[in-house]
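Good morning, everyone, and thank you for making time for this short talk. Please have a look at the model on the screen, and then I will take you through it part by part.

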Protein chains: 2
Amino acid sequence: MPYYIGDVIKDPKKLIARTPEKFEETGIKVRLNTHVEGIEADRGEILLTGGERLSYDVLVMGTGAEATLPDIPGTMQDGIFTLKNLRDGINIRKYIKENDCRKAVIVGAGFIAMEMSEALRNLDLETSIVYRGELPVKKWDPVFSGMVLEELTKNGVSFIAHNSPVAVEKGSDARLCLITDKGRIETDIIIFALGVKPNTRLAREAGLTTGKSGAIEVDPSQHTSREEIFAVGDCCESYNRVSKKWVYIPLGDMANKQGRVAGRNIAGYPLVFPGVVGAQSFKIFDLEVAMTGLDEKMAEQSGYSPAGNVIWGSPVARSMNIGQKLGLKLIADRGSGKLLGAQAVGQSGAVSRINVLSACLWSGIGLDEIGYMDLAYSPYFSGAWDMIHTAAQILEKKL
Amino acid sequence: MPYYIGDVIKDPKKLIARTPEKFEETGIKVRLNTHVEGIEADRGEILLTGGERLSYDVLVMGTGAEATLPDIPGTMQDGIFTLKNLRDGINIRKYIKENDCRKAVIVGAGFIAMEMSEALRNLDLETSIVYRGELPVKKWDPVFSGMVLEELTKNGVSFIAHNSPVAVEKGSDARLCLITDKGRIETDIIIFALGVKPNTRLAREAGLTTGKSGAIEVDPSQHTSREEIFAVGDCCESYNRVSKKWVYIPLGDMANKQGRVAGRNIAGYPLVFPGVVGAQSFKIFDLEVAMTGLDEKMAEQSGYSPAGNVIWGSPVARSMNIGQKLGLKLIADRGSGKLLGAQAVGQSGAVSRINVLSACLWSGIGLDEIGYMDLAYSPYFSGAWDMIHTAAQILEKKL
């Protein structure tokens, strides 16, 4: 009988369909509040807290990732959070309500920080983002990061640049005080959004190979370095079809896909995970922010000779005159003319363009074809020349 | 010196950027209100009304298409229109205003009919669509046509099915009366939206080859059967990459692309038009309606063994609960597993899916890859499994 070991959260809003009872109906035994202390791979056993052992023929590692806390004093106090899973979200909301929080600080400026800033503003908290760099979401081109900054400011989020956290202390006006290298920020709650690292202790202790990224090495069937042990999701690497490298890119949609691939292989219906191109998106207030593929730096590191160009236009035909501005950046290889990556930011139409360009990256086609690709034109949805066409044609001339 | 011969409409709203003056600034001589009576291809001359001749080294045919009127009595009266170009639109609006029209009838149920019905309702006209078939937009699956019908009805457009026009007479309550094989419909204005046919008289008389579709045959560089004569847009055929056939698919975005391809080739910068996949879309009130590639019937005619399946879901993550329903149909080949076509209808997210699937069709990839393709996931824009993934996986099982 297969076991599922781990947490199952009964969400008050029933966001999660699979309760323990539902699992068990399908013949899967669920062990909640159970911790795995170690894997004895040569014996095919896992060791639970308290000494119990379970034997296995096949083992799936879905140990995920952990949000990182900075190595500074004071982070173990109440009111300090990271956000990785649903329970974290529930706990943050509960803490804000129970402690009548008025001020919030988010440390970090990636897309978890962005999404949290909107959530906190929606709860009417005075919200600040503290970041060591100049602009938020640094994976995007500075012109796009600048648009994100503008959107934050417009919606009452303070962006405190060039500040690195040094310590957390008790506050005087508020519950806590974040000490940075530049000053002191009083706040009732602090959310560290500094990224995640894969949970690989069990894997490493069991002798499984980890990659350069630090995550568990897998093959396209999700096998680890041991045939009978699979790894999926935020604890393992994924193959990037554009950089042709195994990378660590922990995102929920890939975890879903890898889980299904492992399941199929275990059940005897072979399937390979065809890899990723790095498509990702988030919404920040009224802005869609999306990217796919590689930026210039990643492209260079992957042996390409990249060129990039940003264009501005309208997500719909200009005759519709909805007054929205969409920015689209393409990155391509000078040698082959192939698309390597794309970024888009705007009130609408950014994600849809990035998804089309992700499909183009998937197949590895060049700017020459993208510039003349057949897309479903109607003035409500694009110009007769979509911004994708224009961007591809302009960049092609620059290669 | 190059000549442009044809109409240039000075639109009151300046939708058209190229006025005759702008043309001439670029060194192109514009001849308005000038009709070409014939092409003497062997002499490299065109013959204008009145007997003037112009010689050419290179000639571009952009003769477009003509909206068809049915061969019934009474269609030459005032108040009867077709809609092909901007001037038609301006004339229709003017006629409605000057004659204080209250009732409108549209004959036909393709996407021009759909768009016109919305425009007429926006002008507060009592609007009916008269159609010989059962459901509107018959290129789409009946479940989707049914959704379109529901949207028409919800917005006060009457859909009069199974009626074919027989004659137009003077009306008694209203200005006109459309006589059908089933009855009489009083109306102030009638718009025939029965499709277009390519304007090929000049081409045929000049000895240029036309294809099975009736439109001018071209090669991928837009040459006609004579090297020095090019044809572009609604008067010529396009290569469909999915059916691998030359087809007649008169759409504005393709005309733009073909025009640029011909221009590049004439100017000595060779370029081929890479073909179409049949992507198209329209908006009808609050509904996005889109398709790409082939339907089952076209697929069979192209030698495939197609299977299709419709799924229903949400354009965004279910946890966002926006209450919108999106239908997505995929059609694939049983033999190869390749995607052949797709259709989508919903309040949002239909066109964006169809564009991604157009990019998939462009490269000719299979359902196996589409089911696991990397798209930019965020709950605001899709589930962790996008409907594209789900639709591909379900159809793959059915092949």
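This is a predicted model: local features need pLDDT of at least 70, side-chain atom pairs count only at pLDDT 80 or more; totals for chains, interfaces and linings use all residues.

**A link within one chain, then the pair**

Helices (H or I, at least four residues) and strands (E, at least two) are DSSP runs, numbered from the N terminus. Over all chains, the count of salt bridges by this rule comes to 36.

Residues are numbered from 1 along each chain as its sequence is written, chains are lettered from A and ligands numbered from 1 in the order in which they are written, and side-chain values use heavy atoms, with hydrogens and water left out.

Now to the sheets. Strands of a sheet pair through backbone hydrogen bonds, either parallel or antiparallel. In chain A there is an open sheet of five strands in the order β20-β21-β24-β23-β22, with antiparallel pairing, and two strands count as paired if DSSP finds at least two bridges between them. Its edge strands, each pairing on one side only, are β20 and β22 (306-313) of chain A, and the twist from one strand to the next averages 10°. Inside this sheet, β21 (residues 287-293) and β24 (residues 339-346) of chain A pair in the antiparallel sense over six bridges, and A:E288 has A:G346 in β24(A) as its bridge partner.

Which strands does α8(A) touch as it packs on the sheet? The helix touches β20, β21, β23 (326-333) and β24 of chain A, and its direction makes about 175° with that of β24(A); contact here means heavy atoms within 4.5 Å, and axes are lines fitted to C-alpha atoms, for helices over the stretch in contact, with angles from 0 to 180 degrees between N-to-C directions. Another helix, α10(A), lies across β22 and β23 of chain A and runs at about 140° to β22(A).

Let us turn to how the two chains meet. In all, 47 residues of chain A are in contact with 48 residues of chain B, and the two chains bury about 4,200 Å² between them, 63% of it on carbon and sulfur atoms; buried area is the accessible area (1.4 Å probe) that two parts lose on being put together, summed over both. The rule finds two salt bridges across this interface, and in one the side chains of A:E369 and B:R241 meet at 3.5 Å, N to O. The largest share of the side of chain A that touches chain B, 10 residues, comes from α8(A).

Finally, the symmetry: chain A can be laid on chain B with an RMSD of 0.0 Å by a turn of 180° and a shift of 0.0 Å along the axis, where copies are superposed by least squares on the C-alpha atoms of residues with pLDDT of at least 70 in both. That is the relation of a two-fold axis, and in chain A the C-alpha nearest this axis is that of A:V356, 2.2 Å away from it. The copies meet through the same surface, because 100% of the interface residues of chain A are also interface residues in chain B.

Definitions and conventions
A salt bridge is a side-chain nitrogen of Lys or Arg within 4 Å of a carboxyl oxygen of Asp or Glu.
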